[in-house]
Amino acid sequence: MELTHTATGVTPDGSPVPAARAGLSAQRRRRAWWMLAPMLVVLAAVAGWPLLRTIFFSLTDAHLSSPERWQFIWLENYIGRYGLVLDPAWWGAVGNTLVFALLSVTLETLLGLGVALLINQPSRVRTLLRAAMLVPWAIPTVVSAKMWSWMLHDQFGVVNHYLLQWGLIHTPIAWTADPSLAMFAIVLVDVWKTTPFMALLILAALQMVPADCYEAARVDGVPAFTVFRRITLPLIAPGIAVAMVFRMLDALRVFDLIYVMTSNSRDTRSMSVFVREQLIDFQQTGYGSAAATLLFFTIAAITIVAMRVLRSREADA
Amino acid sequence: MKCTTSSRLLSAIALAVIATTASAASIKLSCSGLGQELELCKRNAQTWATKTGHQVQVVATPNDASERLALYQQVLSAGSDKIDVFQIDVVWPGLLGQHLLDLKPYTQGAQSQHFASFIANNTHAGRLVAMPWFANAGLLYYRRDLLEKYGEKVPITWDDLTASAKKIQNAERAAGNDKMWGYVWQGRAYEGLTCNALEWVASHGGGTIVDSDGRINVRNANAAAALRMAASWVGTISPTAVLNYAEEEARGVFQAGNAVFMRNWPYAWSLAQGEGSAVRGKVGVAVLPRGATQGGNAAALGGELLAVSKYTRNAGVAADLVMYMTSAAVQKERALAGSFNPTQPALYRDPDILKANPFMGELYGIFNRAVARPTSATGARYNQVSNEFWNAAHDVLAGRTKPDEALERLDASLNRLSRGAKWN
């Protein structure tokens, strides 16, 4: 904002500025642009250009085996007879992604809140707990996905081993192969992995709550649950909302976890996995790009809505 | 663009001709690194290099077949000459064909010494894009001792198999062997299930999903009967976990002595007969059964081929390497050293090979009658067809869909992805 005002040689209140000052600010403005240029170039090269190429390819019938031969088919990939809108496989992937995102974010928020409240109690082991809690978050997703698929394996898995030993089941459960259990297993692993992240963000919000509110409540003898409901929750709600939006955006483009644990299985395939399958396995550059473009716009739309909501809340506060 | 490509190609061929006569060329060869494959491949290639004065460099590629395919597709669609000779799967000629060199000018008729089914499979749009290297076909493994004990014969039809499996499984369980199963096979949703299900369908006279003219013919009563039969095995003569079995899981159960019958590829033979195997000396191999009334025996054709990239700078030399590697002498050496099945019928009468691998004599008839997966008709879309087919089959096996409904849906989705059986 400041840049544009000073650049025109007019102060914010509309009165002209002395020429020397205008020259100086124009110079500063130029310098600012020069400073920004490398980042803008890099952004355009690594984000803008691929994005434009993807959108461009989504309007063609390009195929990876002969990328130089293609023709424009415009919106055929989206709304044509064989387009995405009429493709049950795509909608299956959209459904899976939504189920995954809603389930995992809800569970992670609840568990994260619980963990954060526990850790927020002053205690000597708190620092240690805080570090230990971060271990699942620190393990790369591919590693933890692989680790869990071995643990959940129907023949050699430790989970089945103990369930059998304790007499809870009689035959080993094929966690990642059984269509009715696979999504459950994936959500479980994601919750295990990402709860620490939620807990940490919520903990940060908890520590921002002014201590005098609690003191006043204690003086008045307010029961603990009411304190939580009337003081803690409203004060940390904005923090939780931000954390949920972050997680939601992350969950909507989930790829590695699902790909490693259940590969291209239809029962758990997310939008990103669908895109990869079309682009790499099926070599459908055009169709796959269309799916990638839809995925991009879906996430962009959700981001914009979320930002609006958060900003209007801030304005209210 | 086209002009420059073809002139580049011409000059490449010219260069290659010069190279063969004048200077030594360096050929980059990709072969699979599974078990002893890599070592044998290196050894044979080195022999060729010493003989011809050229150099061979073996390029490492991923072991996972679909990862390897993705790498090849990227290398080839970039028009790169990073790899000159590719080891490719039997189902890939349709996917990669347009990037591969027509080998006909270099074979001097050698293709007539190989199984005709392979040569037909390797012909893409009238061009011979690969030479067969070694063969695979679906086989029925059976426990000879158990069949004798209960007076059962090697099954001729699928009904025989079901009945024998049930009888022996129940009798063995009653005798205290409660881990015994009748039949294990590959039921996980992956390419292996396409092979298994294609065998059921083809042996019932239900066609091969897509016929050679590209017509989708999978929606028929015979195919439905085949799938219904397979679904009836799950939980009765086959463990429910078979829905997640690939080759190695099935072999694990059979080799531990816990199954009467197994469907698998030839590689399982030397392992089942190897030291430490619980079923050593008790195993027999036969043709997979056929449907009761219609159809004949059908074994899915598998195997590996060698192909030359169109973008190589040494086409002549690279093709010479392929011809050497697929020659009778090298195939014999590989059969003796690693039980790799030759692709030349004459070698199945070779006494040395038969002595080392007694089961190979029985395989001869199987390769001649093997059913190819519909790769040539579906071309670049084979992957998608196979994916739809194994998903449909898996839905039926898991009991989530009735065979007729699954095939109806499969027919619709195949029509959809082929844009009305047009396939390109």
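B:Leu103 is placed in the loop that runs between helix H4 (93-96) and helix H5 (104-107) of chain B, where helices (H or I, at least four residues) and strands (E, at least two) are DSSP runs numbered from the N terminus. The model is a predicted one, in which local features need pLDDT of at least 70 and side-chain atom pairs count only at pLDDT 80 or more, whereas totals for chains, interfaces and linings use all residues. Residues are numbered from 1 along each chain as its sequence is written, and chains are lettered from A and ligands numbered from 1 in the order in which they are written.

B:Leu103 has 24 other C-beta atoms within 10 Å and is therefore buried (20 or more such atoms within 10 Å make a residue buried, 12 or fewer exposed, and numbers in between partly exposed, with C-beta atoms placed from the backbone). When its neighbours within four places in sequence are left aside, B:Leu103 is in contact with B:Leu128, B:Met131, B:Val308, B:Ala319 and B:Val322, contact being assigned if the C-beta atoms of two residues, placed from the backbone, lie within 7 Å. The C-alpha atoms of B:Leu103 and B:Ala125, which are 22 residues apart along the chain, are separated by 13 Å.

Chain B also contains an open sheet of five strands in the order E2-E1-E3-E11-E6, with mixed pairing; two strands pair if DSSP finds at least two bridges between them. Strand E2 (55-59) and strand E6 (131-137) of chain B each have a single partner strand and stand at the edges, so one side of each is left without a neighbour in the sheet. Within this chain, strand E1 (residues 26-30) and strand E3 (residues 85-89) pair in the parallel sense over two bridges, and B:Leu29 has B:Val85 as its bridge partner in E3(B).

According to the domain assignment, whose bounds come from an automatic or database source, chain B is divided into domain 1 (2-129 + 301-368) and domain 2 (139-300 + 375-417). The centres of these two domains of chain B, taken over C-alpha atoms, are separated by 30 Å. Their contact takes 14 residues from domain 1 of chain B and 17 residues from domain 2 of chain B. On the side of domain 1 of chain B that touches domain 2 of chain B, the elements giving two or more residues are H4, strand E11 (301-308) and helix H16 (360-368) of chain B.

For chain A, the assignment gives domain 1 (2-53) and domain 2 (87-316), and the C-alpha centres of these domains of chain A lie 40 Å apart.
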